[in-house]
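Visitor: Could you walk me through this one? I'd like to start with the confidence and then look at the fold.

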Amino acid sequence: MYMRNVSRRLSLSLSRVLKVVRFRLGCSTLPSVAHRNQGVCRDERVCLCCVQGAPGDEYHALFECPATRAARAPFAHPFLARLQIPRPDPNYCG
Ligand SMILES: [Zn+2]
């Protein structure tokens, strides 16, 4: 019931809200998560949506991947384009 109320407030379908929640909780289907659970080593957990060979993690999906460029475009802003958001340390366990 709570998720349905959130869904209505955000004007998103329930399935989209659940995808956002899973992404934020680190339970997504991104290779960095899904393949980790399958025992694939970190270097082999690359993005399956492009040919860059980049890590298939949240950072790549949100800021780098050409496959998500169209989804990012409405939020592009000149200030944000100059903002350098560092890639998180993959060895950080905090
Ligand atoms: Zn990619």
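Visitor: What is the mean pLDDT of the chain?
Guide: Keep in mind that this is a predicted model. Of the chain's residues, 88% reach a pLDDT of 70 or more. Taken over the chain, the mean pLDDT is 84.

Visitor: Which element has the lowest mean pLDDT?
Guide: At the top end sits helix H4, residues 58–64, with the highest mean, 90. The element with the lowest mean, 69, covers residues 78–82 and is helix H6.

Visitor: How many helices and strands are there in the chain?
Guide: Follow the sequence along and the pattern reads α-α-α-α-α-α. That goes with zero strands, and the helix count is six.

Visitor: What percentage of the residues count as buried?
Guide: A residue needs 20 or more other C-beta atoms within 10 Å of its own to be buried. The chain has 94 residues, and the share that count as buried is 12%.

Visitor: Is proline 31 buried or exposed?
Guide: Proline 31 lies in helix H3, residues 31–37. The cut-off for burial is 20 or more other C-beta atoms within 10 Å. Proline 31 has 21 of them within that distance, so it counts as buried.

Visitor: How far apart in space are proline 31 and proline 55?
Guide: Leaving aside neighbours within four places in sequence, proline 31 is in contact with several residues, including Arg45, Leu48 and Gly56. Proline 55 is 24 residues from proline 31 in sequence. C-alpha to C-alpha, the two prolines are apart by 8.0 Å.

Key. Residues are numbered from 1 along each chain as its sequence is written. This is a predicted model: local features need pLDDT of at least 70, side-chain atom pairs count only at pLDDT 80 or more; totals for chains, interfaces and linings use all residues. Helices (H or I, at least four residues) and strands (E, at least two) are DSSP runs, numbered from the N terminus. pLDDT is the predictor's confidence in each residue, from 0 to 100. Two residues are in contact if their C-beta atoms, placed from the backbone, lie within 7 Å.
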